[in-house]
Structures are given as C-alpha cells and as structure tokens.
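User: I am new to this protein and would like to go through it slowly, asking at each step what lies behind the words used for it.

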Amino acid sequence: MILDKIDELLKEVSNLSAKNAEDVERLRLKYLSKKGEINALMADFRNVAADQKKAVGIKINELKQNAISKINELKEQAETAQAESDDIDLTRTAYPIQLGTRHPLTIVKNQIIDIFQRMGFSLAEGPEVDDDQHVFTMLNFAADHPARDMQDTFFIEQNPNDVTKNILLRSHTSGDQSHYMECHQPPLRILCPGRVYRNEAISARAHCFFHQVEGLYVDKNVSFTDLKQVLLTFAREMFGPDTKIRLRPSYFPFTEPSAEMDISCNICGGKGCAFCKHTGWVEILGCGMVDPNVLEACGIDSAVYTGYAFGMGVERITNLKYRVADLRMFSENDVRFLREFESAN
C-alpha cells in the first residue's frame, strides 16, 4: 500500500511546474516541509513489515531526492524569469518608439562639409551675434557703401556716431572669415557653415533666417583657376560627374573679381525645364578673389598673399537635390515632411 503511494508521488513530482517563486514555495511546503507529503510517509514507515523496510526506505529516499531536485530546478527557472522581467520598463508606452531622422538641411550641410574637408578645408565657426566691424567694415563695406543696402540687417544695438560698433545678427558667415584671418596667418583654408539672418518677408522663396556655407583659401600665388577647379570638383561630387559649371561676372564688396556660378540643371540634364526656367542652368553660389583691402584689414599682407572665397545657401542646394518647393517647410518641423528623408540619413 505504501509503495503505491510512493509511486503516485513520484509521478506527481516529475510533472511539477511553477509560474513564479510563490508557486515554487507552495510546492516545497507541500512535499518537503515537516507537515509535507514525504514526511507523512516517514511517519507511516514505522508500520511497514520488517521484510519490506529496505525496499520502502530506498523508494522514500528516491522520492525525496527527486522532489528536492525538481523544486530546485523550478526555483532556478523562476529566478531567471524574474531577472528578465526586471529589464522590462513596465511604464514604457506600448506603442513602438519611432527614431528621429536628421533634418534635410543637416544632411546636405554635412555632405557639403565632407566634400570640402576631403579637399583640405577645415571648419571655422563664428558668433551669430556679431559686430559691424567684422561683418561689414573689415569686409570692405564702407560706412556709406551702397552695398550695405543689399542685405537688410537685424540690428541689436546701433551707434549713430560709429557704425563699426553696431551689434547685429550676422547677415552672412563671411564675418567668421574676418574673425579667423585676424587671428591666423596664411596659409588658410577654412569652411564656415552657420545660420544667418536678414530682415526679409517670409514666403515660399525667402525667409528671415537661412543657412550658408562659405569657404576661404589664402596663400601665395592663389589664382582664379584654383577657385574654378575647386568649385567644379564640388559640383560634380554633389550633383554627379556629368555636371557642368559656368561663371558669370558679378559684384561683391569683399571679392574682386567676383562671379556667380551656375550648374547644369540636374533635373532636366541641361535641356531646359520649369525649375531652371528653360535655360538649362541653375545658380548655386557666389565667389571671387579676396579683395586686397579685406586682406589688409585683417592683418594679412596683400602684396605677398592672394586668396579666393565662395559662399552658398544650404537651402538652395537642398532644393536642387530634393526639389522642395516651399522654403518654409524647412523650419516648420512637420514630421510628415521630415520622415521623407529617412533613407537619406
């Protein structure tokens, strides 16, 4: 009779299962405690006939060892499950967390920087709140120069008696170059990216702030040919190896001679379309040889050194690459618009 009870308990023990540590503890109390099933068998062992005691004793020991092993196994499983559940943040939203993407302007700005860094340019950044001396005067803008009217500036503090002490939001990153030149001697090869501000009406084609990347190279015997080759390399790296460029005479106070650079329209391949106004060309930047007056104002001997400078709007380049018709979309942070650039990161 007792042997049958032991066999029944052996089957029960082999099929034991537990969901957590509390279940394991209940099983331990049921089978291994002082009032448990196995101890109850030990109490009945006194009534077993002498000739059966050996066989029954072996069976009881087997049952006890099986119960201990099984409960220890269930305990380890419960502890492992608890450790894994501790790694789960139960306060986190059940919805999947969507990762952000880089802004299209950041994507294009980084591409521009990467191209010029591979040509030896290093980054130099200046203040967004600057003074008239660095933004205008040192760049060959005279106090009454009509070129000042080309850029509607946000002035923070104005000094009627001395315009060079005016404080303003920079209207171009060329001021970063004047900061750099007055503290460093040639050879200089720098790239100045940043946000600039102009007092313009906000529309699909203009904004009161936008982004520029300007470059400067000053050394001995720098020529316009050097500038043209650098810009051709940039255009082909950015828009494709078949891109063509053309330089048209222009005017900037801080360069002489000056030019505006067009590229063959990358949308129609130069055949003519609505984007390029059926000319086959799209203007992307201004450039020129640094005016000797600028070099002298920054403490660089213009009789020994020459240089070139160029500047482009990041929004303009981004429009060419991604055909964004409305400039306002760059600053509205509409996630539907930003998600369109996930694959460009």
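User: Leaving aside neighbours within four places in sequence, which residues is Ala 259 in contact with?

Analyst: This is a predicted model, and in it Ala 259 is in contact with Phe 224, Leu 247, Arg 248, Pro 249, Ser 250, Phe 252, Leu 285, Gly 286 and Cys 287, once the neighbours within four places in sequence are set aside. Ala 259 itself has its place in strand E8.

User: Why is Ala 259 called buried?

Analyst: Buried means under 20% relative accessible area, and because Ala 259 has 3% relative accessibility, it counts as buried.

User: How far is the C-alpha atom of Ala 259 from that of Ala 78?

Analyst: The two C-alpha atoms are separated by 76 Å, and the two residues are 181 residues apart along the chain. The C-alpha atoms of the protein chain fill a box of roughly 125 × 50 × 40 Å along the principal axes.

User: What makes up the secondary structure, and in what order do the strands of the open sheet lie?

Analyst: The protein chain has 12 helices and 10 strands. An open sheet of seven strands has the order E1-E5-E6-E10-E9-E8-E7, with mixed pairing. As background, strands of a sheet pair through backbone hydrogen bonds, either parallel or antiparallel.

User: What makes strand E1 and strand E7 the edge strands?

Analyst: Strand E1 (122–123) and strand E7 (245–252) each pair on one side only, and they are the edge strands of this sheet.

User: How do you know that E5 and E6 pair, and which other strands are joined by bridges?

Analyst: Two strands pair if at least two bridges are found between them, and E5 and E6 have 10 bridges in the antiparallel sense, so by that definition they count as paired. Arg 189 stands opposite Tyr 217 in E6. E6 also pairs with E10 in the antiparallel sense, over eight bridges, and there Asp 219 stands opposite Thr 306 in E10. Five bridges join E9 to strand E10, again antiparallel, with Phe 310 in E10 as the bridge partner of Cys 287.

User: Why is E6 described as mostly covered?

Analyst: The word buried applies under 20% relative accessible area, and 10 of the 11 residues of E6 are buried, so the strand is mostly covered.

User: How does the reach of H5 compare with the span expected at 1.5 Å a residue?

Analyst: H5 has 14 residues and reaches 20 Å from its first C-alpha to its last, close to the 20 Å expected. Among its buried residues are Ile 112 and Phe 116.

User: What makes His 278 and Arg 323 worth a remark?

Analyst: Most residues other than glycine have a negative phi, and most peptide bonds are trans. His 278, although not a glycine, has a positive phi of about 60°, and it is found in the loop between E8 and strand E9. Phi of Arg 323 is near 55°, also a positive value in a residue other than glycine. Exposed means over 50%; because His 278 has 62% relative accessibility, it counts as exposed, and Arg 323, at 55%, counts as exposed too.

User: Where are the cis peptide bonds that join Pro 186 to Pro 187 and Glu 256 to Pro 257, and what omega do they have?

Analyst: The cis bond between Pro 186 and Pro 187 has an omega of about 5°, and Pro 187 lies in the loop between helix H7 and strand E5. The cis bond from Glu 256 to Pro 257 has omega near 0°, and Pro 257 has its place in strand E8.

Methods. Residues are numbered from 1 along each chain as its sequence is written. This is a predicted model: local features need pLDDT of at least 70, side-chain atom pairs count only at pLDDT 80 or more; totals for chains, interfaces and linings use all residues. Side-chain values use heavy atoms; hydrogens and water are left out. Helices (H or I, at least four residues) and strands (E, at least two) are DSSP runs, numbered from the N terminus. Buried means under 20% relative accessible area, exposed over 50%, partly exposed in between (1.4 Å probe, protein chains only). Contact means heavy atoms within 4.5 Å. The expected span of a helix is 1.5 Å times one less than its number of residues.
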